[in-house]
Each structure stands twice: as C-alpha cells, then as structure tokens.
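Please read each point with the structure in view.

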Amino acid sequence: MDRLDMFDHIPKVCQKCGGVMVFKGVGEYQCEKCNFLDYDDYGKVRAYIEQHRGATAMEIEAAIGVPQKTIRRLLRESRIQVAEGSKSFLHCEICGQPIRSGRFCPQCEVAVHRNMEEKQREQLRRDKKGYGSETGGEGQRRFMREN
Ligand SMILES: [Zn+2]
Ligand SMILES: [Zn+2]
C-alpha cells in the first residue's frame, strides 16, 4: 500500500458506481464515470475548517470522524495553515524541489495520484476478467522512496 494512501484515506473507488476516483487537487476526488465527489482526510478537514474557523482538533474529529492524530499531522505539515512569508522551505519528497506546503510539489503530487488511478483501473480490469489478486511486477513499482 502506498504511504500517501495509508495516511490520508484516499477514495480510490466510487461509492456510487465503483468507478475510479480521479484526483482533482486539494484533497478532492471525482468519479470518472458518474462525477460523484469525495474527499480524503485532508479534503475533509480543510472543508470543515473553512466553514468553522478556529475549530479545535477535538471538534473536528467529532464532526467528521478524522482522528485528532491525523489532524495534528496535517497541521504540522502545514498543509492546512500555510505560513505566509515563511523563509523555511520544505522539499518535495520525490524531486527535491522547494515547496511551501505538504510533501510533494504540485507536479509530483499529481503524478503520484495518476499512478494510483492507473493501478486502480488495472485492478478493476483484472477483477472483471477474474485474474485474481495482484502478484507483483510492474504494478508494484513505487514512486516514493522508503524511509
Ligand atoms: Zn461513480
Ligand atoms: Zn516534486
């Protein structure tokens, strides 16, 4: 399982029709078949904070069910509260480019998601054909370095 997925509960399959959820940016995903919208943890927290400014991690957890641990991690990574004018830069985990927030630069973030979406499509195709479970090989290739 990809680290990105493990952390943020990325919706991969549409709850309505089983289609592939395509990354739209800032934690938002849309089904490529029926256009159903869904969110990962970041998207949920972000949407909640937009509507409830000053909410505490406890209130957020109670309202949307994202664990406080995850909320604090998102805040720590500055994915939600980006410090304006900050001189310290983060670096993209893939290409090393300086970035203002999160773990990847926008290009690499999209690339990571496109890769996951493609894997999900393969998975759906395999399921339809009845090939059974993934056995490794090309589908196991990782974009993220191991820590
Ligand atoms: Zn759908
Ligand atoms: Zn990058």
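**Notes on helix packing**

1. In helix α3, residues A57, M58, I60 and E61 meet Q68, I71 and R72 of helix α4. Two residues are in contact if their C-beta atoms, placed from the backbone, lie within 7 Å. The residues of this contact divide into four nonpolar, one polar and two charged. Ala, Val, Leu, Ile, Met, Phe, Trp, Tyr, Cys and Pro count as nonpolar, Asp, Glu, Lys and Arg as charged, and the others, Gly among them, as polar.

2. The model is predicted: local features need pLDDT of at least 70, side-chain atom pairs count only at pLDDT 80 or more, and totals for chains, interfaces and linings use all residues. Residues are numbered from 1 along each chain as its sequence is written, while chains are lettered from A and ligands numbered from 1 in the order in which they are written.

3. The axes of α3 and α4 (residues 68-76) lie 9 Å apart, at an angle of about 125°. Axes are lines fitted to C-alpha atoms, for helices over the stretch in contact, and angles run from 0 to 180 degrees between N-to-C directions.

4. Helix α2 (residues 41-51) and α3 (residues 57-64) have axes that come within 11 Å and cross at roughly 115°. The two helices are therefore roughly perpendicular to each other (65 to 115 degrees). The contact of α2 with α3 has five nonpolar, no polar and one charged residues.

5. Helices here are DSSP runs of H or I, at least four residues, numbered from the N terminus.

Key. Parallel < 35°, antiparallel > 145°, perpendicular 65-115°, else oblique.
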